[in-house]
Amino acid sequence: MISFVIALLTLIGGYFIYGKYVARIFGEDRTRLTPVHTMSDGVDYVKLPSWKIFLIQFLNIAGLGPIFGAIMGVMYGPAAFLWIVFGTIFAGGVHDYLSGMMSIRQNGASLPEIVGSQLGNNMKNLMRGFALMLMILVGAVFVYNPADLLARLTPENFSVMFWVVLIFIYYVAATLLPIDKLIGKLYPIFGFALLFMAVGIGVMLFFNSSTVPEIWDQFYNHKPDPEANPIFPMMFVSIACGAISGFHATQSPMMARCLQTEKHARPIFYGAMVAEGIVALVWAAAAIAFTGGYGNLQEYLGGGTPAMLVDNLSKSWLGTAGGFLAILGVIAAPITSGDTALRSARLIASDFLNVKQKTIIKRLLVSAPIFVLCFIVMLLPYDALWRYFAWCNQVLAVFTLWTASVWLATRNKNYYIALIPAIFMTCVTVSYIIFAPEGLQSLVFQLFAVEIPYIVALGVGIATSVLFLYLFRRYVTEKSSVNIMEADV
């Protein structure tokens, strides 16, 4: 329990110390007018109080990621706790804060437009397609689990497909309505519930402290087949939302359009990521404590799912209220990630089509193809969808970090705060894509009946990181020479 307390205090301290340093490096300007003041449209650019924006941002980026991801990821052993803490402080918090601030400085622009402004039109067009694909994938992925659970909790005539259709109708409403009408009213409630559940579980950890693992104990990979599941890169992709997730960069522009002053940017963007890291830390420790050890957790998950563990743990530790919160979280959290993913898709499409979104007709015209594609993808096997979501998510984080590095470098700011995590995540993601079964590994095996050695995947990951660093240096030099006095847009 000592190491858990140290980890918790480190996360909180990271917000106040490193988060403040990152904000100073970027150069927050509390007197600068934010997009909501200059582009208010009553739909996406709507003034919201900072506390409400924080809860919306937290729920947007969290969903079930810091719960399910932490439960599955802690099987890699104590290294998972270190990744949650230091990944949140030096990678995830930086990623979320910079993506939010870059959007604010570009009038609330969506991620592809931000990337294009720094890395060029070719990269912008690539990111438009990739980000749209990922948002549609997220919308589809986060429908099945809550629909399945709702079908189990309701009479037989309410089938899974019935709930899928009902959830999708909600998606349509959340995507089209002004942000303060549905999301602005529901999300703070669900966000508070998710935080309240984590606080309750965190308090109960102190009453079950004898079974809470210490980080320095049993410091090895606890996966049943560690050679097939090496900590690097597998753990760093498995625990995404609890440390760093590219999906967050697509959500930050939504809140960047509602923020009334830049002084609230650090609490909302960096702070929400730290809150998510705390949730992941709590659930990682709770999963081990509740089951009694890494081996017991493996056996538990072998006969069930993370959802069952969340339900049983919450009921056991928090009683009836805990059971209600668990069900609410397992149902509401993924839905609230899916709907904002489709709303982000609408914003991305409207940005590159240059279609103003003030009228419902224009919003519907932009959204209709997105809804159709999402519903089609939704009918594909769930396992196939989830298989590719994980690494696509981290690819987006890589693009965002390199974009932030260029942004800072061309403005003569300390770009290493973004560059170091960019290099690291590039190596992680490339290595994962090559080595993981859901990446190139299975394709190569099907074609040539051979497996890609781990050392090869790692070598390609390192080589790619070095190449990207070289291209970054050259690109920044060329960009700075063209307009070394480039000002913030």
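Trainee: Buried means under 20% relative accessible area, exposed means over 50%, and partly exposed is in between. What does Tyr454 count as?

Mentor: Tyr454 counts as partly exposed, at 30% relative accessibility. Keep in mind that this is a predicted model.

Trainee: Which residue forms an aromatic pair with Tyr454?

Mentor: Phe435 does, and the pair is edge-to-face. The ring centres are 5.4 Å apart, with 80° between the planes. Phe435 is in helix H17 and Tyr454 is in helix H19, residues 454-482. They are 19 residues apart, and the pair links distant parts of the chain.

Trainee: And Phe435, buried or exposed?

Mentor: Phe435 is buried, because its relative accessible area is 9%.

Trainee: How many aromatic pairs does the structure hold?

Mentor: There are 27 aromatic pairs. One of them is formed by Tyr18 and Tyr21, with ring centres 5.9 Å apart and planes at 40°, so this pair is tilted.

Trainee: Where are Tyr18 and Tyr21?

Mentor: Both are in helix H1, three residues apart, which puts about one helical turn between them. In general, an α-helix has 3.6 residues a turn, so residues three or four places apart point the same way. Tyr18 counts as buried at 18% relative accessibility, while Tyr21 is partly exposed with a relative accessible area of 27%.

Trainee: Which rings are linked into a cluster?

Mentor: Ring pairs link Trp402, Tyr415, Tyr416, Phe468 and Phe472 into a cluster.

Trainee: Back to H1. At what angle do the axes of H1 and H12 cross?

Mentor: H1 covers residues 2-26 and H12 covers residues 265-291; their axes cross at roughly 165° and come within 10 Å. Angles over 145 degrees count as roughly antiparallel, so H1 is roughly antiparallel to H12. The crossing is right-handed.

Trainee: Which residues make the contact?

Mentor: From H1, they include Phe4, Leu8, Leu11, Tyr15 and Tyr18. From H12, they include Tyr270, Val274, Ile278 and Leu281. The residues of this contact divide into 16 nonpolar, four polar and two charged.

Trainee: New pair. How do the axes of H9 and H14 cross?

Mentor: The axes of H9 and H14, the latter being residues 306-353, come within 9 Å and cross at roughly 140°. That angle makes H9 oblique to H14. H9 passes H14 in a left-handed crossing.

Trainee: Which residues in H9 and H14 meet?

Mentor: In H9, they include Tyr187, Phe190, Phe196 and Met197. In H14, they include Trp317, Leu325, Asp339 and Arg343. The residues of this contact divide into 16 nonpolar, four polar and two charged.

Trainee: On to the backbone. Which residues does the cis peptide bond with omega of about 10° join?

Mentor: It joins Phe232 and Pro233. Pro233 is found in helix H10, residues 231-238.

Trainee: How many of the eight residues of H10 are buried?

Mentor: Six of the eight, and H10 is mostly covered. The buried residues are Phe232, Pro233, Met234, Met235, Phe236 and Val237.

Trainee: What about phi of Gln218?

Mentor: Gln218 has a positive phi of about 50° although it is not a glycine. Most residues other than glycine have a negative phi, and most peptide bonds are trans. Gln218 sits in the loop between helix H9 (183-205) and H10. Gln218 is partly exposed, with a relative accessible area of 46%.

Trainee: And what is phi of Asn412?

Mentor: Phi of Asn412 is near 55°, which is again positive in a residue other than glycine. Asn412 is in the loop between helix H16 (382-409) and H17. With a relative accessible area of 65%, Asn412 is exposed.

Trainee: Last one. Where is Thr429 found?

Mentor: Thr429 is found in helix H17, residues 416-435. Its relative accessible area is 4%, so Thr429 is buried.

Trainee: What is Thr429 in contact with, leaving aside its neighbours within four places in sequence?

Mentor: Thr429 is in contact with Trp391, Gln394, Val395 and Val398.

Definitions and conventions: Residues are numbered from 1 along each chain as its sequence is written. This is a predicted model: local features need pLDDT of at least 70, side-chain atom pairs count only at pLDDT 80 or more; totals for chains, interfaces and linings use all residues. Side-chain values use heavy atoms; hydrogens and water are left out. Axes are lines fitted to C-alpha atoms, for helices over the stretch in contact, and angles run from 0 to 180 degrees between N-to-C directions. Helices (H or I, at least four residues) and strands (E, at least two) are DSSP runs, numbered from the N terminus. Angles under 35 degrees count as roughly parallel, over 145 as roughly antiparallel, 65 to 115 as roughly perpendicular and the rest as oblique. A crossing is left-handed if the near helix is turned anticlockwise from the far one by less than a right angle, and right-handed if clockwise. Contact means heavy atoms within 4.5 Å. Ala, Val, Leu, Ile, Met, Phe, Trp, Tyr, Cys and Pro count as nonpolar, Asp, Glu, Lys and Arg as charged, and the others, Gly among them, as polar. Buried means under 20% relative accessible area, exposed over 50%, partly exposed in between (1.4 Å probe, protein chains only). Rings of Phe, Tyr and Trp (its six-membered ring) pair if their centres lie within 6.5 Å; planes under 30 degrees apart count as stacked, over 60 as edge-to-face and the rest as tilted.
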